[in-house]
Structures are given as C-alpha cells and as structure tokens.
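Good morning, everyone. I would like to take you slowly through one structure today, so please keep the sequence and the picture in view while I talk.

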Amino acid sequence: MSVIAFYQGEFVDPAGARVPIEERGHQFGDGVYEVVRVYGGRPFLLDEHLERLERSLRTIGIRNPYTAEQWTGLIGEAIRRSGEAEAQVYWQVTRGAAERVHTFPTAEPAVSLVVRPVAAKPASADAELLGLPDDRWANVFVKSVNLLPNVLAKETARRAGAAEAMLVRNGRITEGASSNVWLVCGDTLWTAPADRYILGGITRLFTLRLARELGIPVREEAVTLDQLDRVDEVFITSTTLEIQPVRTVFTDRALLPALRQLPEEAPTTLLPEVRERVTLWSATRPPELTARLQAAYQTAVERFRNHEPVLGRA
Ligand code: PDD
C-alpha cells in the first residue's frame, strides 16, 4: 500500500513534501480540486472530472496549467507509481505562491496530487443523515478547496452519530457535505438541479445516465422539507461512496427554523449539538430502486475493469 505525492512538477516524498508558507491555497483557500476513483488501475470517468476541473478553474480565473492529455498522463503515471489497482487520486490547482495580498499575483498556478489506496468498500449499513442549514456561499458549483462549511457540517453530523449531513437551503434539499442527495418518490428519482447551489457530482452525472438506461424517470428538481412525507427512498452518491442507501434523516428541533430560512443573527456555534432529535424522514420499505441503481453501478465498474464500454451493450 503506497501513497504517491506530486508537487510542482515532480514526484515527492508524501511525508516530507513542503508547500511554501505563502501558498494561496493554504492562506486563502484560493484553488480548486478533484477526486477520482481508480478501479483496476485506471481512473474512472476521468474525462468528466477534467471537464469539471476546467470549468472550476475558468470560473475563478486560474489558468489550467495542463491540457487534458497532460492531466491524463500525469494521473496515469501517478497511479502506475503507486502500483495500486484500487485507489483514489486527489489533486488540486491553486493560484500559486506569492506575498499575501488579496488581489491576484503574477505567480504560476501550483499543482499538487496524492494517490491513496482505497480498501474494498465494506457492505455498509444504511446511513443516517443529519439535516443542517446550507449556509455556504452561493457558488458551490465551483469545486473549491474552501471547504470550511462542509467540514463543519460533516463534523456536526459525525458528532450526532450520522454518516453525512443533508444540507437544506430555504426549505429545499441541496446536497450532502461531500455527496449529492437523491430522493425516490414512487417510481421517480429526484435530485437537486446542477445549478449554483450544488456541486454537480460526477457520480451524480453517471447515476443520471444509469437511470436513463434503466428507464427510471428523473426530475432534476429540489425536494422541499414539506415533500419529505412523499419520499420512499433516499440515497447519496459520491466518487468514493458510489451509491449509499439512507435509512433515516433527522435533525435537532432547534435547527428546524434555520432549515426553512437562515436567521439574521449570528449563531453562537457552527457545531450545533442535537439535543432534541426530530425525524425528518424514515424508510418504510426496502430501497428497491436504490438497489437497482447500485447493481447497475457495480456492473458498470466491472465493465470498466474489463475494458468494456461502461454503459449500454458493447
Ligand atoms: N466530494 N457535493 C459535494 C459538496 C462534494 O464535496 C462532492 C464530492 C460531491 C459528489 O461529487 P462526485 O460525485 O464528483 O464525487 C457532491 C469529494 C468526494 C471530496 O470532497 O472528497
């Protein structure tokens, strides 16, 4: 099991690598990132990740330092060096290192990358989600390394015994702290639209393709809290989680108003405790449609491992 690291043009010792003290990713969170899953020694859906990276960079005015071919070569080389068949690759591009002033420096963008082995996914129990107010900025479609709200939400969820947060903006379910949220109503799959209020997940994109293939109707519309009583199944998706079923969504009674509308006054903590648990949704039937999508996802991954086209008949 080896971890491989790359920084500014060279492969480096992950334990000894040094980033300049005035690196803008470090000081301002001025950068963007990607995470790709490696199956059978090859990165899954890499082109889609590279397109999203390009979009994130373009949106915040950082020059993409590599072409898609160069990224593909670098990521392939890093995976080869790791010798891992099952891994994840994290990489980020920041605005570089320069004296700390807010305006853009003339520095070149800085690239860092880490390949880490991933253990085979255990057959995980259905997850619980903690409903939390989505108080992030209004441009979360940029996959920015600024993850403070996500980190706080995830930690708040963990302390409450939940696997993930379910973020709610003005009564509308947006996404998780590091995943997209899906809701099944009858035979129809709902997920928030890929607008500025969610990070358009690549797994979300792929799940939409799977749903189309399986003939499952999809509505890219946010489900509101008031509609939760009509929801039959909930699951979350991400590159690392793939498709994860959910059994319960709960929150703290004191948070209910903030889920509908953020109060004007500043909270005393951004790590609220769950003192009075309120169930927002709970599974009442086996997650049938979720299971179909999970099976289709696994089939696609198997095809990918076998160098076959992942979707449709070969
Ligand atoms: N997170 N929404 C948010 C806020 C995320 O951070 C992520 C992924 C997703 C799902 O995106 P994708 O399907 O492309 O992984 C949705 C990654 C895995 C992370 O930060 O580690």
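Let me begin with two terms: two strands pair if DSSP finds at least two bridges between them, and helices (H or I, at least four residues) and strands (E, at least two) are DSSP runs, numbered from the N terminus. With that in hand, look at Tyr 39, whose bridge partner in β4 is Arg 42. Two bridges join strand β3, residues 31–39, to β4, and these strands run antiparallel.

Before going on, please note that this is a predicted model, in which local features need pLDDT of at least 70, side-chain atom pairs count only at pLDDT 80 or more, and totals for chains, interfaces and linings use all residues. Residues are numbered from 1 along each chain as its sequence is written.

β3 and β4 belong to an open sheet of six strands, paired in antiparallel fashion in the order β2-β1-β6-β5-β3-β4. Because β2 (10–12) and β4 (42–43) stand at the edges with a single partner strand each, one side of each is left without a neighbour in the sheet.

Let us now turn to Phe 235, which is found in strand β13. Is Phe 235 buried or exposed? A residue counts as buried if 20 or more other C-beta atoms, placed from the backbone, lie within 10 Å of its own, as exposed if 12 or fewer do, and as partly exposed in between. Phe 235 has 27 other C-beta atoms within 10 Å, and therefore it is buried. Phe 235 and Glu 128 are 107 residues apart in sequence, yet 9.9 Å apart in space, C-alpha to C-alpha.
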